[in-house]
Amino acid sequence: MNPMKASFQRVSWIARVTFLEAVRQRFFAFLLILGAAMALSSVSFRVLDFGHGELKFIADFGFGGMFLFGSVLAVVMTAQLFFSEMDNKTALTLLAKPLGRGEFLLGKFAGAWAVLGVFVAVLSVLLGVVLWAREQELLLLSEQSGKVPPTFSASGLAQFALLQWLRLGVVASIVLAISAVARTFLYAVVVGALAVVAGQLQWIAQDAVLKPSESPAYEAVLWLTSRLLPNLQQFNIGDALVLSSAGVESGAVWAVTLAGAAYMAAYVFLGALLFKRREI
Amino acid sequence: MSSAISVRHLTKDFRVGLRGLKLRAVDDLSLEIPRGQVYGLLGPNGCGKSTTLKIVLGLVSATAGEVSILGCPSATPEARRRTGFLPEAPYFHKFLTGRELVRYCAQLSGVASADVAAAVEDALGLAAMTEAADRPIGTYSKGMLQRIGFAQAVVHDPELVILDEPTAGVDPVGSAAIGRMIHAMRAKGKTIVLCSHLLGQVEQVCDRVAIMDRGKLVLEGRVDDVLSRRDRHVLTVEAMTPTAREAAEAALAAHGAVVTSVTHPRRSLEDLFRELVTGSRDA
């Protein structure tokens, strides 16, 4: 068999079992239910809206649930899937087979990312249904009042969902790279969570790089930080994609997608390199 | 033909604690494990057996020395393709059934898609797990876990099978079943490396043994040779040969006895093990 094809198959088998293991976890079901409840209940909470359009409030509520619970899932579940293999010593059995360390790590990543895809897809569909139902109600009301009704873009929501999946993939790849060297699950989760916070704040470093500084060392640290850490804020273009009539330039979406994919690939590669040196 | 496993001057140091103190787990170990035999690797807990096996399988890197499996450097996937491994106290994904686990391992071991189903059935049959194969692994007893572990280790028909404590915690019936599986693999011409504390079983199934203590090899050889006490003889009554026997026969005949055989007395492997290992501990 073609070595590339054989390698791809091994990765897909590891990914399949990882996926099955993850979807059986209560933790996944718990976060999925919480996220779904948040998306569905957003209509009830719209009375708390402080002047924004109703659809924007509902969409922001759903985006928030996807971001918060998705991030928790990406950090905790990815680390847990890795350390369950290490701590239970199932990795001993698997890595004693003609399976490369890189293939093992890539399979774990693919399985975790697939679960995150299910999470994002379920929440996006629910959010889409809630938005569509309210949009229909508002259409009827606007016909009676003569006002312009608010609308949302289903294709924009689909694009946003794909970007969120990519964002969670970047987070999962960072956590996996950390796990490859971490000795304990807790360490991987704490450092992974800090990396997510740093990624959310990365734009500060990007802004600072653009300002002139007298210290070359300071500039070098900022430059390195802004390159090593992905800017997770750049994925937050939900409002523009879903609610804005103008939408977003396709070039901007592609730029975010390519940057996310590059970071994801780089961190999986880094994780594989680090894992190669790990003693099982 | 190259050895099944060749270990040359293997040393492994672990760094422990914040100060990075060096702990030597394997100390200049050299071993040649011939093909087609059952080879017992013995030693007390912490003597370096499992570390040696992990280095052989490429799971742990060596500090110094060389290890090859069937002529290939041991850390390569090619070497592991021809090797099966049952780890100590195996733990498998509980949500998989026994059949799913063995199929999963067959696929990872490179068994061709068209041959997977037959290979899985053969391995399950050899491990006497066909009836329980569709139950989730979470419902298996310890003995069944060992047997399904044996099935996953041999599903790709490896030339070399490494079994780390295959009978640990298993009752005598399960232990005997694993012994039969080892005999079946030997009958197929496979090389089997067996790490075990059940010295009686090792004595029964192994052709050669190596005993390790504190990371070093303290004894290696054929089971019959290492257990024979060549400084003493046992006379059994009947047809003893050469001149010495005639004298003995005459002496015995004077007392109405007949010599039937002369053989080397044996001590048990357990006695030898205790003498070599516990003796050095007491010193």
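This is a predicted model: local features need pLDDT of at least 70, side-chain atom pairs count only at pLDDT 80 or more; totals for chains, interfaces and linings use all residues.
**Notebook: helices, core and the A–B contact**

Started with the interface: the contact between the chains takes 21 residues from chain A and 21 residues from chain B. I then asked which elements of chain A give two or more residues to the side that touches chain B, and found α1 (3-23) and α4. Of these, α1(A) gives the largest share of that side, with 6 residues. I sorted the side of chain A that touches chain B by class and got 11 nonpolar, 4 polar and 6 charged residues.

**Chain A overall**

I looked up the secondary structure next. Chain A has 11 helices and 0 strands, so I can write its order from the N terminus as α-α-α-α-α-α-α-α-α-α-α. The C-alpha trace of chain A spans about 70 × 55 × 40 Å along its principal axes. Chain A has 280 residues, and 42% of them count as buried. I also checked how far along the chain the contacts reach. Among contacts in chain A with a separation of 6 or more, 82% join residues 24 or more positions apart.

**The core**

Which residues touch the most other members of the largest nonpolar core? I noted A:L116, A:A172, A:V175, B:A151, B:V155 and B:L194, in a core of 159 residues. Helix α3 (residues 54-87) of chain A supplies the largest share of this core, 18 residues.

Leaving out residues up to four places away in sequence, B:V155 touches B:V102, B:C105, B:A106, B:S109, B:V111, B:A119, B:V120 and B:A123.

**A:L99**

Where does A:L99 lie? I found it in the loop of chain A between α4 (90-95) and α5 (101-145). Is A:L99 buried or exposed? I count A:L99 as buried, because 22 other C-beta atoms lie within 10 Å and the cut-off for buried is 20 or more.

I listed the contacts of A:L99, setting aside neighbours within four places in sequence: A:R10, A:L94, A:F104 and B:L108. The partner B:L108 belongs to chain B. I also took the C-alpha separation of A:L99 and A:Y187, which is 27 Å for two residues 88 apart along the chain.

**α6(A) against α11(A)**

Two packed helices are described by the angle between their axes and the distance between the axes, so I looked up both for two pairs. Helix α6 (residues 154-181) and helix α11 (residues 250-276) of chain A have axes that come within 8 Å and cross at roughly 20°. The pair is therefore roughly parallel, since angles under 35 degrees count that way. I have α6(A) passing α11(A) in a left-handed crossing. The residues of this contact come out as 18 nonpolar, 6 polar and 1 charged.

**α2(A) against α5(A)**

For helix α2 (residues 26-41) of chain A and α5(A), I noted axes that come within 9 Å and cross at roughly 20°. That makes α2(A) roughly parallel to α5(A). What is the hand of the crossing of α2(A) and α5(A)? I have it down as right-handed.

I wrote out the residues on each side. α2(A) brings A:F28, A:L32, A:G35, A:A36, A:A39 and A:L40 to the contact, while α5(A) brings A:V115, A:F119, A:V122, A:L123, A:L126, A:L127 and A:V130. By class, the contact of α2(A) with α5(A) has 12 nonpolar residues, 1 polar and no charged.

Methods:
Residues are numbered from 1 along each chain as its sequence is written. Chains are lettered from A and ligands numbered from 1 in the order in which they are written. Helices (H or I, at least four residues) and strands (E, at least two) are DSSP runs, numbered from the N terminus. A residue is buried if 20 or more other C-beta atoms lie within 10 Å of its own, exposed if 12 or fewer, and partly exposed in between; C-beta atoms are placed from the backbone. Two residues are in contact if their C-beta atoms, placed from the backbone, lie within 7 Å. A nonpolar core is a set of buried Ala, Val, Leu, Ile, Met, Phe, Trp, Tyr and Cys residues joined through C-beta atoms within 7 Å. Axes are lines fitted to C-alpha atoms, for helices over the stretch in contact, and angles run from 0 to 180 degrees between N-to-C directions. Angles under 35 degrees count as roughly parallel, over 145 as roughly antiparallel, 65 to 115 as roughly perpendicular and the rest as oblique. A crossing is left-handed if the near helix is turned anticlockwise from the far one by less than a right angle, and right-handed if clockwise. Ala, Val, Leu, Ile, Met, Phe, Trp, Tyr, Cys and Pro count as nonpolar, Asp, Glu, Lys and Arg as charged, and the others, Gly among them, as polar.
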